[in-house]
Amino acid sequence: MQDLTVDYEAEGGTGRAVSGVSFELGPGDSLGVLGESGCGKTTTALAILRILPKTARVIGTIRFLGRHLFQLRERDLQKVRGADISMIFQEPAMMLSPVKRAGDQVSEVIRAHTGESWRECRGEALARLSEVGFESASRIYASYPHQLSGGEQQRVVIAQALACRPALVVADEPTSSLDLGTQAEILDLLSDLKERLGIALLVISHDPGVLAKLATRIVVMRHGAIVEQGALGQVFQQPQSAYTQSLLVARATSPLAPRRLVPVLQSASEDAVKARTLPDVKADQMPAPQRAEPELSADKGSPRYQEPLVSVRGLSKRYQHRRGLKTFGIQALDNVDLDIAAGSTIALIGESGAGKSTLALCLARLEQPDAGEILLAGRNLLKVPRPELAPVRRKIQLIFQDSTQALSPRISAAEVVREPLDIGSLGISTERHGRALELMEQVGLSAAWARRSPLEFSGGQRQRLAIARALALQPSLLILDEALTGLDLPIQAEIIDLLVELQGVHRLTYLYISHDLSLVERVADEVVVMHQGRIVERAGTAELFRCPSHPHTQALLGARLALEAALPREA
Amino acid sequence: MRNRSTIWLSIGVLALLHGAVLTAHFVAPYDFAAQDRDLPYAPPTRLHFIDARGRSHLRPFVYRSVEQPEGSGHYVEDSSRAYVVQFLVSSRSGGRRLFGVDEPASIFLLGTDAYGRDQFSRLVYGGRISLMAGLLAAALTLSLGLLAGASAGYCGGWLDGIIMRGAELFLALPWLYLLFAIRAFLPLHISPAQAFFLLISVIGLVGWARPARLVRGLVLSAKERTYVLAARSFGASGFYLLRRHILPQTLGVMLTQAAILVPQFILAEVTLSFLGLGVGEPVPSWGNMLATLQQYSVLASYWWMFLPGLALVPVFWIYHKLADSLHEETL
Amino acid sequence: MRYVVTRLIHSAALLVGVSMLTFIFLRLAPGDFFTDLRLNPQVSAQTVADLRAQAGLDQPLPVTYVRWLKSVARGDLGLSLAYNARVAPLLWDRARNTLLLAGTAMLLAWLIAIVAGLSSAARPHGIADRLIGGGTSLLLGVPELVLALGLLALAARTGRFPTGGMVSLGFAKLNLTGKLKDVVLHAALPVAALVLGALPVLVRHVRASVLEVLQAPFIQAARAHGIPRRRVLFGYALPAAANPLASLFGLSVAALLSGSLLVEVVMGWPGMGPLLLEAILARDLYVVIGAVMFSAAFLVGGNLVADALLYTVDPRIRAR
């Protein structure tokens, strides 16, 4: 690829997605493209096969086996696609037609490029399916995509991609939508197939761990341009550009990347390994040193011997739903006991379906538990009579995962923040407006933006708004239900900064619910592990991560360590 | 942007149209019941700008039509005297009319019917019935639908079940059949005014199910929105949630539905009146004006009697454009 | 299997509900078949009362309803007061003609709609799309009544098509081909009116559904695998669009039925429409109910067919 530049034309103007990207890939080679969302890596990949939307304007050259791809006619390009170069996209469920059998979709690819009969194509497709690790290829052949798991679907997609033995496979975030265990399996498979079939691989990911497994060389992209390139080991261990460094630091404790990626820049003390703040990185600066930890931070998990702020006793909840004549029940919470000390930061982890969100909803009184009690400063929340409920329930506030959904797009930012005050009729209108502006400033948003719709804010800014709104009622406990998931890492770091600051100023207690272990490691004093509605372990953060005692905790943390071996050894 | 202008343009044109028919006593040159026994089934009066001597005039004028030969039904123009079209004339019954000509000439822009009544005037007066019936019936249907859908969606439970079963029932009925059946079993010989209100009620009643289902769907999904959940956690009451967050979501859909339903209901009125089940003589509606076309002779010979049907076309077209644009806008 | 059974039970319940609703509506109205008779000074009040009792119209609502149910079980659907004959054979005769008309129109309309919709969606804003779009826009504005009247006027003017009825006077004497030709000629204009009336909505929906499917990621993936355009359109897009289209099928049956009522009356096709109208004007209770139930059954049947279609084309539905 030489000097590839792609512009997108939109109503407002033209946006440059990729500018002047060049790289080379030899046969059997493997190149990884690292970068955050929006840096242009996917566009670059789509450009190779010329499947960009009509609004894209492409200049530059791409040569494949000596042929200029951009000079080919559509008909000839069609022959290249799928047969010489093929692509694997991010979400396998969306890449397969829901009304066609899985195997048929592989056969279709074969049929499109060879003149063979349907029966022959079917035979070949079955062979390919076995190749990607399916034991019962014929069963998979006859299944429809919705009958297959995420991992199985991705294997089918891989079978499709390899069906005609291409020379080059472009894999765009091949494992991002899969869960931890499956990710590792698929990466193993890809690595294996690459070796066996001698395919050249172009892997794109925002996760260095994925690239560590599959690529020998790395290209780092930012804002459409290449920032750095070189051999994998070199770039990961001695990153030249500060941006790469920040990416690696931020992702250092990604679910997949081993901890050894954390560069030496951090201070050594093991206790301080839970870095609460992250450097604010500007383009060519060295990262700033860590901020000193605020006083209120936990004393490495030692329990507080005073009256807990919130106490949950024996909480149980069962969800029922009917399918036809049968009734299914899920025990979301099973006799849960939990104490949350004032001023602490507790993390609640567990796999999806463990009951974490249900607990949060019960605490916020949005769900009614079947049994048990929730004590807030001694009073049982579940038994408080309705007229007195309002001032009490204010003390616990919830911040949701999806900020686009959590803030109504039809009202202005200030109205969003003051809504709790409006509902509770606290103070008069002008007072409430003033308070809303005050809160916005507190979370780092300019009051000048008060009239804008939440849609105009970025993801991180919307979460700040949500935090401001939550603070309006002066709560004691703030529950953050996957509130930082989905934010770009530098933004995540900023929000964490903010939360720490607010905790000091307002004497807040935090309950983080997250599946992101690196985040948990960074922010929490104590970690509580839930599994199938029960609490199975609770310990101080460092202790838990170092030696988890419960088998389930071990399983959760175990997937992280799986990729340790993939990294080149440090000198 | 183009969408917005289409919406406003359509609304503007419709407002103009409705304004014209509501001020029929001004816009139309003749009263709807006024007959001219000398000129039954007269073709549309031609407007001339150039007279017999070849001179052109700025203001149009007409010639008087006479039946020639007597009783044949064939008309010729008497070019002996030109009658200039005048504007803002004072009418016989007091008040003013937009335009007209001096007696004994007449300006029948769209011809006359069997009784010599001016079709153009009847069209304008008839528009009152047909267009307004559509609007009012749509308003009724949408109100019912909103009430039913919001209650079903928000309250859930048995109320939801009953309302939805009911909606299914109403949707399963072929609406035109039911419409006819209900209408016909009500007294056939009632005054036009009563007929009008009856018509609106019946049409409006039959159609509530579809909007109700739409509203229910919207309310259900809005109810689950995270920001509604958040508001609940701040202690919001049901009414607050409906008022502030849920019902405003239905506005877009309601408007689009209105633009879709109104033409359907106009057609329902036209059809019923066409078949004699709607508004009756002497009050004109576009439907009963078309009814004469059921006679073969009229259909074959007097083409201008077809024009009320054609009047429906631009109206429908504008409503459809409006519905499309509204749909785009609220998507 | 369970799915089919549930749907059948559901439909049956629906029909029962419809019958009750219709009955209530009709009986609530003041007056009946004999009301006009009472105005006739030559007929005594006693005679009218007797006639009424004979027809069972003086009984309370539930009783009449049960009697009607019994007549359904017997298969005759009650007695037509105007014709003095059983309702069922009367209806069935006419219903066959309506089915012929509506069925043909349905088939034709859908065929044309799929072809037109696909061509439009294959190349949006291309020549075909604009032409078809313009055509449908135009047709949308013309209500079915006007279409029917217009076609009738055309028939009257050109004299090529007959202006009413299903068969000509000398029908019985024609040979098979002649008979066929005769019916086709008579049906041509009514079918045309129905098809033209239904087309705009159908074409737009097909186009919209196919367009939406074409946006799906798996279409892009198929392209990325080098699968040729035509195969993508017919092998991937159309099957995926089958789901929304099958739902549309059910709705279109309803629209077509309503339309056929009007077209039959205006163009003189001897279907259920004119029968219903007559019965309404004469207040022939059992004929009206029979006709309404018939169309409701037709509608419900159409929806069942749509459900069955959905079941066959979409594996996700089968899984549920």
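The dialogue below takes up confidence, sheets, domains and interfaces in turn.

Visitor: What ipTM and pTM does the predictor give the complex?

Guide: This is a predicted model, and the predictor assigns the complex an ipTM of 0.78 together with a pTM of 0.74.

Visitor: In chain C, where is confidence lowest and where is it highest?

Guide: Where pLDDT is low, the predicted coordinates should not be read in detail. In chain C the lowest confidence falls in helix α2 (residues 35-39) of chain C, with a mean of 66. The highest is found in helix α5 (residues 87-122) of chain C, at 90. Over chain C the mean pLDDT is 83, and 94% of the residues of chain C reach 70 or more.

Visitor: Let us turn to chain A. How many helices and strands does the secondary structure of chain A come to?

Guide: Chain A has 21 helices and 21 strands. Of its 571 residues, 45% count as buried.

Visitor: How should I read a sheet, and what is the order of the open sheet of three strands in chain A?

Guide: Strands of a sheet pair through backbone hydrogen bonds, either parallel or antiparallel. In chain A, the order of the three-stranded open sheet is β2-β1-β4, and the pairing is antiparallel.

Visitor: Why is one side of β2 and of β4 of chain A left without a neighbour in the sheet?

Guide: β2 (13-21) and β4 (56-61) of chain A are at the edges and have a single partner strand each, so one side of each lacks a neighbour in the sheet. Ignoring direction, neighbouring strands of this sheet are turned by 10° against each other on average. Asp7(A) stands opposite Arg57(A) of β4(A).

Visitor: In what order do the six strands of the other open sheet of chain A run?

Guide: That open sheet has the order β7-β8-β9-β3-β10-β11 (chain A), with mixed pairing. Its edge strands, β7 (85-88) and β11 (225-231) of chain A, each pair on one side only. From one strand to the next, the twist averages 15°. Strand β10 (residues 217-222) of chain A pairs with β11(A) in the antiparallel sense over six bridges. Ile218(A) is placed opposite Gly230(A) of β11(A).

Visitor: Why does Gln147(A) count as partly exposed?

Guide: The class follows from a neighbour count: a residue is buried at 20 or more other C-beta atoms within 10 Å, exposed at 12 or fewer, and partly exposed in between. Gln147(A) has 16 such atoms within 10 Å, and is therefore partly exposed.

Visitor: Into which domains are chains A and B divided?

Guide: The assignment for chain A gives domain 1 (2-249) and domain 2 (343-369 + 381-566). Taken over C-alpha atoms, the centres of these two domains of chain A are separated by 36 Å. Chain B has domain 1 (26-119) and domain 2 (123-330), and their C-alpha centres lie 39 Å apart. Within chain B, 12 residues of domain 1 are in contact with 10 residues of domain 2. The side of domain 1 of chain B that touches domain 2 of chain B comprises nine nonpolar, two polar and one charged residues.

Visitor: How many residues of chain B are in contact with chain C?

Guide: Here 34 residues of chain B are in contact with 39 residues of chain C. Elements giving two or more residues to this side of chain B include α4 (157-172) and α12 (307-329) of chain B. The most comes from α5(B), with eight residues. By class, this side of chain B divides into 30 nonpolar, three polar and one charged.

Definitions and conventions
Residues are numbered from 1 along each chain as its sequence is written. Chains are lettered from A and ligands numbered from 1 in the order in which they are written. This is a predicted model: local features need pLDDT of at least 70, side-chain atom pairs count only at pLDDT 80 or more; totals for chains, interfaces and linings use all residues. pLDDT is the predictor's confidence in each residue, from 0 to 100. Helices (H or I, at least four residues) and strands (E, at least two) are DSSP runs, numbered from the N terminus. Two strands pair if DSSP finds at least two bridges between them. Axes are lines fitted to C-alpha atoms, for helices over the stretch in contact, and angles run from 0 to 180 degrees between N-to-C directions. Domain bounds come from an automatic or database domain assignment. Two residues are in contact if their C-beta atoms, placed from the backbone, lie within 7 Å. Ala, Val, Leu, Ile, Met, Phe, Trp, Tyr, Cys and Pro count as nonpolar, Asp, Glu, Lys and Arg as charged, and the others, Gly among them, as polar.
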